[in-house]
Amino acid sequence: MKQPTGLRIAAFLLIAATVSCDKSKPALDKAQQEVKEVSSQRDNLKMQLDLSEGKLAEAQKRIGELEAAAQASAAASATAAASTKGAKGKGGKTAAKSKRSHKKHH
């Protein structure tokens, strides 16, 4: 009994597909495992990046606070230095005037 050509081709393709799937299954399993590993590594790196970005934001905030404190301290020092200079300058002029007046009397 002769089978139709289409049926033979279909059977051949089915057998060929089954055989080729069996041969490629280990490769497929290996590729799937590699994808899992790479995905795990990516997730780990993303978590590390998020932690690092958080630490960086905290450090930048702290730097801003320290810079503001340094500027406030510098301004306070400049104000204190100016008031001290002014007090010394007035005292020095007064002493010079008193010496001059003392010299005129003699």
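This briefing covers the fold, surface, salt bridges and nonpolar patch of one protein model.

The model is predicted: local features need pLDDT of at least 70, side-chain atom pairs count only at pLDDT 80 or more, and totals for chains, interfaces and linings use all residues. Residues are numbered from 1 along each chain as its sequence is written, and side-chain values use heavy atoms, with hydrogens and water left out. Of the 106 residues, 0% count as buried.

**Fold and surface**

- Helix H1 spans residues 5-105; helices (H or I, at least four residues) and strands (E, at least two) are DSSP runs, numbered from the N terminus.
- The accessible surface of the protein is about 9,700 Å², and carbon and sulfur atoms account for 64% of that area.
- Accessible areas come from the Shrake-Rupley method with a 1.4 Å probe, and for residues only the protein chains shown count as cover.
- A residue is called buried under 20% relative accessible area, exposed over 50%, and partly exposed in between (1.4 Å probe, protein chains only).

**Salt bridges**

- The model has four salt bridges, each defined as a side-chain nitrogen of Lys or Arg within 4 Å of a carboxyl oxygen of Asp or Glu.
- One of them joins Lys25 to Asp29, with the closest N and O atoms 3.6 Å apart.
- Lys25 and Asp29 both belong to helix H1 and are four residues apart, about one turn of the helix.
- Lys25 has 46% relative accessibility and counts as partly exposed; Asp29, with a relative accessible area of 35%, is also partly exposed.
- Another salt bridge links Arg62 and Glu65, where the closest N and O atoms are 3.6 Å apart.
- Arg62 and Glu65 also lie in helix H1, at a spacing of three residues, about one turn of the helix.
- Arg62 is partly exposed at 46% relative accessibility, and Glu65 is partly exposed with a relative accessible area of 39%.

**The Arg42 and Asp43 pair**

- The side chains of Arg42 and Asp43 form a salt bridge, at 3.0 Å from N to O.
- The side chains of Asp43 and Arg42 also make a polar contact (3.0 Å).
- A polar contact is a pair of N or O atoms within 3.5 Å; within protein, one must be able to donate a hydrogen and the other to accept it, and residues adjacent in sequence count only if both atoms are side-chain atoms.
- Asp43 is located in helix H1 and is partly exposed at 43% relative accessibility.
- Arg42 is exposed, with a relative accessible area of 53%.

**Nonpolar patch**

- Ile9, Phe12 and Leu13 make up a nonpolar surface patch with about 330 Å² of accessible area together.
- Patches are made of residues with over 30% relative accessible area and no salt bridge; like charges are joined within 9 Å and nonpolar side chains (Val, Leu, Ile, Met, Phe, Trp, Tyr) within 5 Å.
- Ile9 sits in helix H1 and is partly exposed, with a relative accessible area of 47%.
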